[in-house]
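Subject: Structure handover

Hello,

Here is the structure for you to look at. My notes follow below it.

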Amino acid sequence: MMFSNDASGFVSLSHFLPSILCEIRYHSSYNFIGDRIDGYEEPLALATREAAEALKKAAALAAAKGYIFKVYDAYRPQCAVDHFVRWAEDTADTRMKSVFYPDVNKKDLFSQGFIARHSGHSRGSTIDLTLFDIAAGKEVDMGGPFDFFGPLSHPDHTEGLTGEQYNHRQLLRGFMLDSGFRPLSTEWWHFTLDNEPYPDTYFTFPVRMDSLR
């Protein structure tokens with residue numbers, strides 16, 4: 001494992017793929033912590049060029065079915081992950097528990113794998129996203145929100161979901177797998193490029209446009 005501040009292999013997803021929508025939750029206070037996250041200095045989705053190229057292919061598949069992508073997160077600097085860890089260690093801060101982890105005791109976030117000291121997002125080729133229905137003008141119903149900590153977020157979860165909600169998850173999964181991404185078994189929104197260019201490098205530059213210059 002190594003750390004790098006070199007953003008030369010990264011692009012802005014919005015510039016590379018103008019059709020996508022971005023709602024960068026960690027630049028806002030609407031996330032499981034309840035504050036803007038360290039390192040998210042601008043509401044941007046950055047990613048390696050290779051991941052952006054693969055996402056462009058996935059976007060073409062989605063567009064053919066009447067959808068575009070909405071991105072919640074992509075590259076995540078190590079300082080943001082460190083922020084997550086500090087928050088998780090402060091078991092008294094449960095401001096957002098009712099929304100994002102109602103059924104999980106905060107002291108168990110590490111042991112249950114919801115928080116870790118390193119994230120694949122920091123390698124730059126992981127993207128969190130959902131589908132937006134162009135004709136309906138809204139996000140599709142996935143049966144559970146982004147960043148919810150619990151079994152409801154598992155892509156293959158069926159309890160309490162309608163057939164339509166489950167099928168939406170599988171539709172997103174299909175677009176991404178067919179374009180060279182691999183899924184995560186615990187988060188329906190999370191995909192990592194199979195052949196990521198920096199498999200052992202964790203980046204530290206902040207999320208802002210001038211990091212790319």
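Partly exposed is the class between buried, under 20% relative accessible area, and exposed, over 50%. Glu41, at 42% relative accessibility, therefore counts as partly exposed. Please keep in mind that this is a predicted model.

**Salt bridges**

Glu41 lies in the loop between S3 and S4, while Arg208 lies in the segment after strand S10 (201–203), so the pair ties together parts 167 residues apart in sequence. Arg208 has 27% relative accessibility, so Arg208 is partly exposed as well.

The structure holds 15 salt bridges. Another one joins the side chains of Arg95 and Asp35, at 2.8 Å from N to O. This pair also links distant parts of the chain. Arg95 is in the loop between H3 and helix H4 (97–100), and Asp35 is in the loop between S3 and S4, 60 residues apart. Arg95 is partly exposed, with a relative accessible area of 45%. Asp35 is partly exposed too, at 32%.

Arg95 has a further partner. The side chains of Asp93 and Arg95 meet in a salt bridge at 3.0 Å, N to O. Asp93 has a relative accessible area of 15%, so Asp93 is buried.

Salt bridges link Glu23, Arg25, Lys70 and Glu139. As background, side chains of opposite charge can pair when their charged atoms come close.

**Aromatic pairs**

How many aromatic pairs does the structure hold? The count is 22. Take Phe10 and Tyr75: the ring centres are 5.3 Å apart and the planes are at 70°, so this pair is edge-to-face. Phe10 lies in strand S2 (residues 10–12). Tyr75 lies in the loop between strand S5 (67–73) and helix H3 (78–89). The two are 65 residues apart in sequence, so the pair ties together separate parts of the chain. Phe10 is buried, at 5% relative accessibility. Tyr75 is buried, at 1%.

Now Tyr26 and Phe146. Their ring centres are 6.4 Å apart and their planes are at 45°, so the pair is tilted. Tyr26 sits in the loop between strand S3 (21–22) and strand S4 (46–48). Phe146 sits in the loop between strand S7 (138–139) and helix H5 (163–177). They are 120 residues apart, and the pair links distant parts of the chain. Tyr26 is buried at 1% relative accessibility. Phe146 is buried, with a relative accessible area of 2%.

Both rings belong to a cluster linked by ring pairs. Its members include Phe32, Tyr40, Tyr72, Phe84, Trp87 and Tyr101. Phe114, Phe149, Trp188 and Trp189 are also among them.

**Strand S5**

Is S5 enclosed or open to the outside? Seven of its seven residues are buried, so S5 is largely enclosed by the rest of the structure. S5 pairs with S3 in the parallel sense, over two bridges. Leu21 stands opposite Lys70 in S5. Lys70 is also one of the residues in the salt-bridge network. S5 and strand S6 (residues 126–133) run antiparallel, joined by six bridges. Here Ile68 stands opposite Phe132 in S6.

**Nonpolar core**

In soluble globular proteins, nonpolar side chains tend to be buried together. The largest nonpolar core here has 60 residues. Those with the most contacts inside it are Leu13, Phe32, Leu55, Phe69, Leu129, Leu172 and Met176. Helix H2 (residues 49–64) gives the most to this core, with seven residues. Phe32 also belongs to the ring cluster.

Which residues does Leu172 touch, not counting those up to four places away in sequence? Leu172 touches Phe69, Leu129, Thr130 and Leu131, together with Met142, Trp188 and Phe191. Of these, Trp188 is also a member of the ring cluster.

Best wishes

Key. Residues numbered from 1 in each chain as written. Predicted model: local features only at pLDDT ≥ 70, side-chain atom pairs only at ≥ 80, totals over all residues. Heavy atoms only, no water. Phe/Tyr/Trp six-rings, centres within 6.5 Å; stacked < 30°, edge-to-face > 60°. Helix = DSSP H or I, 4+ residues; strand = E, 2+ residues; numbered from the N terminus. Buried < 20%, exposed > 50% of the residue type's maximum accessible area, 1.4 Å probe, protein only. Pairing = 2+ DSSP bridges. Core = buried A, V, L, I, M, F, W, Y, C linked by side-chain atoms within 4.5 Å. Contact = heavy atoms within 4.5 Å. Salt bridge = Lys/Arg side-chain N within 4 Å of Asp/Glu carboxyl O.
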